[in-house]
Amino acid sequence: MRTLIFGAKGQLGRDLVAEFEEAGPVTGVDLPEVDVAQMDQVRAAVAEWRPDLVLNAAAYTDVEGAEADPQGAFRTNEFGAACVARAAAEAGAPVVYYSTDFVFSGDHTTPYEPFDPVAPQGEYAASKAAGETATREAAPSHFIIRTAWLYGPGGNNFVEKILRAAAERPVLRVVEDEVGSPTHTLDLAQATRALCGTAAYGTFHAVNAGSCSRYEFAQAILALAGLETSVEPCRASAFPTKAPRPAYSVLATEALTEASGFAMRPWHDALRDYMARREATA
Ligand SMILES: NC(=O)c1ccc[n+]([C@@H]2O[C@H](COP(=O)([O-])OP(=O)(O)OC[C@H]3O[C@@H](n4cnc5c(N)ncnc54)[C@H](OP(=O)(O)O)[C@@H]3O)[C@@H](O)[C@H]2O)c1
């Protein structure tokens, strides 16, 4: 299987390259060489590689920045998604688009299913929901994979932010009224490969199993790092943000497991694995 990965230098992109190299030849492209919102560049990448599968991990992921720059977010997350999906469909290759828990409003108290209605609250969330629609419309053979609270190698993610903050301050305050499912890019890459081995096209959720608050996530990060830094819980209102964030965004993964046979492991196990990877490369 020949795989073409857009956004290959991102935290997910890197783990996708490694995972799919086990299944056959892979090429990864990213800015500045290939901009997903430049149809000619996307078509040229597809024509050159002749992929059997296209993974679109390219994204505008600055949630706060998108509030001031919605055009930038929509350009990559919606128009770029349309370009990649169209080029994949023209080449007869299935396409994967990654989306987010942020497409949901956050007013649930039980995990969101793939078929639950979306209600994006901010510009980033709206641009990702639009990217889902663009992908569905351009490519009948698509997988939309929603994930959440992603961390992986080289990313400026929550784990790295907490560890940086702990190096600077003896006490951290972290919000307790935001609940979700931390997800390791390694696990998301494995789930993607399992799903792409099927023709069960559609919308899926792939997050590590279980859930926690940001406060509990931070506690687990510091404990695994062996740091004594203390963490105090606080309300999200203590840290006002431009972009609204869902208070509860746990995603149900049963559809993924039914379609692919792949079960996501518990988030704490996946986090332990990430901390070990960091140690190994330090
Ligand atoms: N991070 C999370 O917590 C999270 C949560 C839920 C869903 N997701 C979704 O998961 C996917 C992967 O996220 P990630 O955390 O791996 O993102 P990431 O680390 O920010 O990687 C995204 C990559 O896409 C590149 N890119 C940006 N605009 C592009 C364009 N116009 N053309 C081509 N490449 C472009 C970026 O390059 P530059 O760095 O040069 O901009 C970067 O290499 C995204 O679809 C994201 O929306 C992420």
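Ser260 is in contact (heavy atoms within 4.5 Å) with Ala194, Leu195 and Thr198, leaving aside its neighbours within four places in sequence. The model is predicted: local features need pLDDT of at least 70, side-chain atom pairs count only at pLDDT 80 or more, and totals for chains, interfaces and linings use all residues. Residues are numbered from 1 along each chain as its sequence is written, and side-chain values use heavy atoms, with hydrogens and water left out.

**Ser260**
- Ser260 belongs to helix α9 (residues 254–260); helices are DSSP runs of H or I with at least four residues, strands are runs of E with at least two, and both are numbered from the N terminus.
- The side chain of Ser260 reaches the backbone oxygen of Leu256 at 2.7 Å.
- A polar atom of the Ser260 side chain also lies 3.0 Å from the backbone nitrogen of Phe262.

**Ligand**
- An oxygen atom of the ligand is 2.9 Å from a polar backbone atom of Leu12.
- A nitrogen atom of the ligand is 2.9 Å from a polar backbone atom of Val36.
- β4 gives the most to the shell around the ligand, with three residues.

How values were computed. A polar contact is a pair of N or O atoms within 3.5 Å; within protein, one must be able to donate a hydrogen and the other to accept it, and residues adjacent in sequence count only if both atoms are side-chain atoms.
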